[in-house]
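Subject: Structure for your review

Dear colleague,

Please find the structure below, handed over for your own analysis. My findings follow it.

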Amino acid sequence: MLHKGLRTFIIFSIIFTIILAGCSSNSSNKESNAASSVNASDTAAPANTAAEEKTLTISWPKDIGPLNPHQYAPNEFFAQGMYYEPLIDYGEGGKLVPKLAESWDVSEDGKTYTFHLRKNVKFTDGSDFTAEVVKKNFDTILANRDMHSWLGVISQIENTEVVDANTFKITLKSQYYPALQEFAVVRPLRFLGAAGFPDDGNTANGIKSPITTGPWVLSEYKKDEEAVFTRNDNYWGTKPNIDKLIVKVIPDPEARVLALEKGDIDLIYGEGVISLDAFVNLRDSGKFETAVSDPLASRAIIVNTTKGPFADLNVRLALQHAVNKQALVDGVTNGVEKAADTIIAPNFPYANVGLKPYDYNLETAKSLLDQAGWKLPEGKSIREKNGQPLEIELVYMGDDEVEKPMATAIQSDLKQIGINVKLTGLERQLRNKRMEAADSDLLFWSTYGAPYDPHNFVSTNYEPGYGIFEAQQGLPMANELHQQMKDVLLTTDEAKRQELYTSIFTTLHDQAVYLPISYLTSIAVYPKYVTGLKFPAHRDETPFDTLDIQK
Amino acid sequence: MKISNFIWKRIWMTVPVLLGASFVSFSLLRLTPIDPAKAYLTVSNVRPTDEAVSAIRSQLGLDRPFFSQFATWLGDLLHFNFGTSFYSKLPVTEELYNRLPITAALAISSLILAVAVSIPLGLASALQKDRFIDHVCRVLAFLGSSAPQFGVAYLLIYFLSVKWDMFPLQGADSWRNYVLPAITLSFSLIATYSRLLRAGLLKGLNEPFVLYAKARGMRTFAILTRHVLRHAIRPVITAAGMNLGKLFAGSVIVEQIFGMQGMGGFFLESVFRRDYPVIQGYILIMAFIFVFGNFIADVIQTMLDPRSALEQGKVRGR
């Protein structure tokens, strides 16, 4: 008996040692984590108690990334946008606003751009912002030209030149009107201080430290947990009202809402950062202020004109009349997105061309289908033509919480006019594959938005390979339309440019190549003590500079 | 020596398993129709121009032939180098090194909690069969196996964190961060384990040795804990061994909700990004953990009942 008892004892002690061994390695690690977080909260705590120091805490789904101004993921757009500055900023309605360039001249032939840089701008390490540094940044960007080839101006740059300490000149290969607008994008055309460059000068291999001219300085950083930005007191422009901005990584949308309710964070901001139901609940609770931005981009459906029923213009037009967009935005997005009548919202440059919206009218839709030869047989609910039923496929992103319910609603809308819709929900990459092959009748898509559109929109339309050019091949005037799209980017004459855009938007609208659904917006939810929220016109910029806390 | 032989054999068996897992994951990934270069650009919200795609492909070494890529990966693996993440450009070992401890702490604490709660629950419901406690345990088990993890998690957060502020909501800084996620994860395990244990105990009570023990005047509780439990706990240990791997691999939802930057959410994102080196490294580690979990369970089984190792020895014709 004793022998057996002893053995049981040994077995259980072994189990416990294994378990404890597993724990101890972790707990030591946890302790070190805890120690560093204590430091962070030690420094944060006086900020809250001392009335003069204002700290704003926000959440973001992901880590801010390495803050490299010239690279893409895992750098987060918002962080690069708030941290680094462009030569030119994108303002309300696409108006170009001086930023690090005080002014600029464009030569007669539209190929040479001379930037007069702002004087007395210093980087956070105390060095001067000069034409030399601008050139250094351009050199590393152009060394990785292929990576940035999506941005028209990069592939157009032939030569960069330091004229004097505060003048910088860029020569393009050919005329390209959106060049100035593209200097406002977040990446890669923003400026890192010389000391931040790696030894080989190529920022594609990483940066030494994030040295900026901007209003914020990264002061503490714990990857995947938290980043603390402190106001740059030597900032050349209007300094932020708050002293400290803490960005907490909260991956789960519902947890973000709970963190706001608990008071762990002071602001929820961005596109699709919380579910639209949660947004409405917070708005109706009366405890928080909520705001919705102007249109930033468009959500639309690409209609494939090359094959199937939508090769016929009348069927495309019927689609325009049959989908109840207002019900879609009200029902699915609780009115957070705005119903869209045109593919590019009228608040975008050159896009306010007075197109007549298609009204929601089932009778019109039905008669258009009749004209197209799709008749409703006696006793059936799906139309037929030559014995073939009217069936189409709608592809959407399976995990998208807006596209999915919208797709279902469109399915039932189209059922009412006798069209049977097959829904296909795909993971993002697989959906891209289908899009590139133009292998669907209808496909959910969204534009790049401000500051990229409308010029980036037209280049995605005329360049083969993304599936949009391919889906437009059924148009009788496809070649002419795509030629106009190429021409508009090269026109330097403002009136001619507007004329071309008007023609392009009119053709796309009349030919019903897109079914515009809604305009995407950013949302903000914050307690009443947060004031001064103003949405930037630029999709990837943030409103932190103007925010204030009044407790 | 019998047991150590058995252990050595099991350790050697992991080598072909790991090699097989790495080859299969390596080839399956390259059979998928999605180009990681394009995936990277899409994640970056950049239009995938031909120039950019081919620049990235050569940067990532994806333009090289399949076997050359596999040879490099295998060669690096021998030096414990899992390659560099396509996405973050950091070594995969570093990425996993930062995340594995969080997931490990979560998995092991959930497992301990589950076993620790299941034993008294199982004992109580076996002793009080078809009486009040048994019914309560049955309802608990029913809830545990049917309630979705995210539901349990949000309920716990809402009451214990937001309302009563007993535990932090996000992060993995201190042990207090692990309490709610561990409860969430162990909830469904407790349901399974306590029912397994109850069934085992009730079956054990019919064994002749229990009758003899009773004849010797031992009390039922003592018989249960000192004799029957040793046998009845074996299925629970097997299940726990299998669950260890599952907890490492499948705590995605809980990690996301509680903002713990562990392996689960990282892996899921890497799949969407088609980050081959991370996926390969992750699969290899998971294969190892599954094998290891089962191995530990088997070792404990053998110790609880050395006959199982002996039987294996006999079959080998020792």
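Helix α16(A) is followed by Ala512(A), whose phi is positive, near 50°. Helices here are DSSP runs of H or I with at least four residues, strands are DSSP runs of E with at least two, and both are numbered from the N terminus. Please note that this is a predicted model, in which local features need pLDDT of at least 70 and side-chain atom pairs count only at pLDDT 80 or more, while totals for chains, interfaces and linings use all residues. Residues are numbered from 1 along each chain as its sequence is written, and chains are lettered from A and ligands numbered from 1 in the order in which they are written.

Helix α16 of chain A covers residues 494–510, and its 17 residues should span 24 Å at 1.5 Å a residue, which agrees with the 24 Å between its end C-alpha atoms. The expected span is 1.5 Å times one less than the number of residues. Buried in α16(A) are Leu500(A), Tyr501(A), Ile504(A), Phe505(A), Leu508(A) and His509(A). These buried residues fall within an arc of 165° seen down the axis of α16(A), so they line one face of the helix; the arc is that of the directions from the helix axis to the C-beta atoms. An α-helix has 3.6 residues a turn, so residues three or four places apart point the same way. The face of α16(A) turned away from the buried side carries the exposed residues Ala495(A), Lys496(A) and Asp510(A). A residue is buried if 20 or more other C-beta atoms lie within 10 Å of its own, exposed if 12 or fewer, and partly exposed in between, with C-beta atoms placed from the backbone. The cover over the buried residues of α16(A) includes α13 (455–462), α15 (478–490) and β20 (514–520) of chain A. Contact requires that the C-beta atoms of two residues, placed from the backbone, lie within 7 Å.

Chain A also holds an open sheet of 4 strands in the order β4-β5-β7-β6, with antiparallel pairing; strands pair if DSSP finds at least two bridges between them. At the edges stand β4 (101–106) and β6 (157–164) of chain A, each with a single partner strand, so one side of each is left without a neighbour in the sheet. β4(A) and β5(A) pair over 5 bridges in the antiparallel sense, and form a hairpin with 5 residues between them, where Gly110(A) in the turn has a positive phi of about 70°. Asp105(A) stands opposite Thr114(A) in β5(A), and Thr114(A) in turn stands opposite Lys169(A) in β7(A). The bridge partner of Tyr113(A) in β7(A) is Ile170(A).

Turning to chain B, its secondary structure comes to 15 helices and 0 strands. Of its 318 residues, 42% count as buried, and the C-alpha trace of chain B spans about 85 × 65 × 30 Å along its principal axes.

The contact between the chains takes 45 residues from chain B and 41 residues from chain A. On the side of chain B that touches chain A, the residues divide into 27 nonpolar, 12 polar and 6 charged. Here Ala, Val, Leu, Ile, Met, Phe, Trp, Tyr, Cys and Pro count as nonpolar, Asp, Glu, Lys and Arg as charged, and the others, Gly among them, as polar.

Yours sincerely
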